[in-house]
Structures are given as structure tokens and as C-alpha cells.
Amino acid sequence: MLSDIIDVLADPVDGSSLSGVDDFSRLVSSSGHSYDIARQGYVTLAGGRGLRHSGDSMEMVLARETFLSGGHFAPFVEAVTAGVHQALEDNALPLEARPVIAEIGAGTGYYLSHTLDDVDGSRGVGLDVSVYAAKHLARCHPRAGSVVADAWERLPLADESVDAITVVFAPRNPAEFARVLVPGGQAVILTADRGHLSELRDPLGIIDVEDGKVERLLEQFSGYLQQVGEAEVVEFPMNLDKKSIAAQIGMSPSARHIGAELLAQRVAELPESMIVTARARVTRLAKAPQNQEVPQN
Ligand SMILES: C[S@@+](CC[C@H](N)C(=O)[O-])C[C@H]1O[C@@H](n2cnc3c(N)ncnc32)[C@H](O)[C@@H]1O
């Protein structure tokens, strides 16, 4: 719930602190701005220019829910949660700490809720620019709060308030991640790797993941956060039926490029079930501990 993370949230306009008023039906900042909490439990924290992206559509969010509920990406979720455990251990948090985990572009909250279940006493912020995703995020876990915000803008999170950031196939904002992470805090980032869904590429006409994704990620973060250890490859086979394949493509940007009708036609021509490779990398990046600058490359 938003009340669990109120100390972490900040006014998107000026970064001032927020508190819940009128039975927690609104958040009000110390500078006087007011943000209504939607009936479904999420809050939109957008600055003066409002939201300039809409994120995933309702259809994409539903497809994501259908696909993820099949458990096909379980090894990815385990890898992200393990990365968060490692990140918290590296920063030697005291046992009584209630670590804050913020997931950026959190979708339905599948990853965030698993991590919150696994990390005792942790609190979560699920941030996504899609209102449809935010509705799911609001009910994904009792210790998660759901926020609609744009990852490319100033994040509505207080300076040095987040112990770990997770990003799964979603946008990243290095300068903002460095601002909101506590000293020694880490970002755990899962990026698709070349070969991901390779068996579906030709039959469905979807493009492959480009080479050098992790290298570009590191370049993007240079001067903000520094890589910890090596990126870990997570690869496994999935046995997918046609419904799961349609949902997998429906939750991805390919859904927009191909179009629903053509996609349905192509899926209909596939065998009843297929073994499909899932492949991604987990990269951890840390903010320098207190009083230490991140070395410039
Ligand atoms: C590929 S989905 C991944 C969702 C989730 N991490 C998962 O793997 O289930 C990307 C998510 O990022 C969100 N998104 C896209 N652009 C965004 C932005 N500028 N700010 C915040 N979220 C954004 C989309 O709405 C979508 O939920």
C-alpha cells in the first residue's frame, strides 16, 4: 500500500516530501501540491508537463498477465530476486532494516511481488507509466505501492531512499537511479539477450535482440553506477502452447508492429506446442558507498 512507502515518495514537481491526507485519499506535498489516489489504489505522480507516454495498453498488460501466470519465466524471476538479495547483502543492511525495492517499468508486478515475498520486511514501489499496469501493481503485494510515473523524467522518489532498483525489460534512467539509491545501493537489470525466443523469430516475423545490449547498458550508466561482477546469463527452454505464444508476443512491442490479425494467423500455423529458448542477462550496478565517488571511465 502507498502508506508503506510514503517516506520514499516525493513530489514530482520539486522533490518535496509527501504525506497522506483525507484518509489517505490524497497525497499532499510540503510545498502544497496535491495528488489524488485512484479508487484502484495507485497514484499518478507526474510533474508540470504531465505524462508524455502511455506505456503498455490494456491488451498488452492482459497478455503479460496470461503469459507470466503460466510460470514460463520463473527462472528470470528467481534470478532477479537472487540479484536483489546479493545487492542487499553487499550493502550490509542491518537485520531490522525494511529495505526499499523500487521496480521501474514494473508491469503487472510479477517480479516485484516475488522479490517482496522473498526479502523479509521489504517494502516495494512499483512504478510504471501505464495506468493499466498500475492497477495490477496496486494489488500485486500488500507491501507494494503503485505509482504512475515516467521513468524518463525526474522520478517521484526521495534522494537516497531506495536500497535496490530492479528493471526487467523496461526503461532505465541512470542519473535518476544514482540520485534515488542509497550509498552502496544497487540496480539489478534484466535485459533480453541475443537468442531470446529464437525459435519464434522466423515463423512469426519478429526481430532478434541486437548484439552488444549489455555493453550499451554499461556505457549508459558510465559516471553514475558501476558494474558489480560479471553479467549473469540466464537461459532455459520453455514448452509453450499456441495460447502462451500468442500471449508472449501480445505483451511485447512486436504486438504493435505485426498487428493482432496477422499475428493470430501466424500463430495458428505453428505446431500445437514448441520448445522455445528464453535468454537474458542480469547485470548489477552499484552506487559508490558513502564518501566515495564513482570513478569516471
Ligand atoms: C516489456 S514491459 C516489462 C514489464 C515488467 N517489468 C515485466 O517484465 O513483466 C515494459 C514496461 O515498461 C513500461 N514503460 C514503458 N515506458 C515507460 C516509461 N517511460 N516510464 C515508466 N514505465 C514505462 C510499460 O508500460 C511496461 O509495463
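This report walks through the cores, pockets and a few individual residues of a predicted model.

## Ground rules

Residues are counted from 1 along each chain as its sequence is written, and side-chain values rest on heavy atoms, with hydrogens and water left out.

## Two nonpolar cores

Let's start inside. A nonpolar core here is a set of buried Ala, Val, Leu, Ile, Met, Phe, Trp, Tyr and Cys residues joined through side-chain atoms within 4.5 Å; buried means under 20% relative accessible area, exposed over 50%, and partly exposed in between, with a 1.4 Å probe and protein chains only. The largest such core has 45 residues, and those with the most contacts inside it include Phe-67, Phe-73, Leu-200 and Ile-245. Helix α2 (residues 74-90) gives the largest share of this core, seven residues. Helices (H or I, at least four residues) and strands (E, at least two) are DSSP runs numbered from the N terminus. Apart from this core lies another, of 35 residues, with Leu-9, Val-43, Val-180 and Ile-189 among them.

Ile-245 touches Leu-200, Leu-204, Leu-240, Val-267, Leu-270 and Met-274, residues up to four places away in sequence not being counted. Contact means heavy atoms within 4.5 Å.

## The largest pocket

A pocket is found on a 1 Å grid over the protein atoms alone: it is an open set of points where a 1.4 Å probe fits, with protein on both sides within 12 Å along at least five of seven lines, and lining residues have an atom within 4 Å of a point. Grid points are joined across faces, edges and corners, and the volume is the space filled by probe spheres set on the points. The largest pocket comes to about 1,300 Å³. Of its 49 lining residues, Arg-64, Phe-169, Ala-170, Ser-252 and Pro-253 are the closest to its centre. The lining has 25 nonpolar, 13 polar and 11 charged residues, where Ala, Val, Leu, Ile, Met, Phe, Trp, Tyr, Cys and Pro count as nonpolar, Asp, Glu, Lys and Arg as charged, and the others, Gly among them, as polar.

An unreviewed UniProt entry lists Phe-73, Thr-108, Gly-109 and His-196 under "binding site". The lining of the largest pocket includes Phe-73, Thr-108, Gly-109 and His-196. UniProt positions follow the numbering used here, feature names are shortened, and annotations may be inferred rather than shown by experiment.

Phe-73 sits in the loop between α1 (58-69) and α2 and is buried, at 2% relative accessible area. Among its contacts beyond four places in sequence are Tyr-110, His-196 and Met-238. Thr-108 belongs to the loop between β5 and α3 (110-118) and is buried too, at 7%; its contacts include Arg-64, Glu-65 and His-136.

One of the lining residues is Ala-92, found in the loop between α2 and β5 (100-104). Ala-92 has a positive phi of about 45° although it is not a glycine, and it is exposed, at 61%.

Leu-197 also has a positive phi, near 60°. Its loop lies between β9 (181-192) and α6 (198-204), and Leu-197 is buried, with a relative accessible area of 5%.

Technical notes: Predicted model: local features only at pLDDT ≥ 70, side-chain atom pairs only at ≥ 80, totals over all residues.
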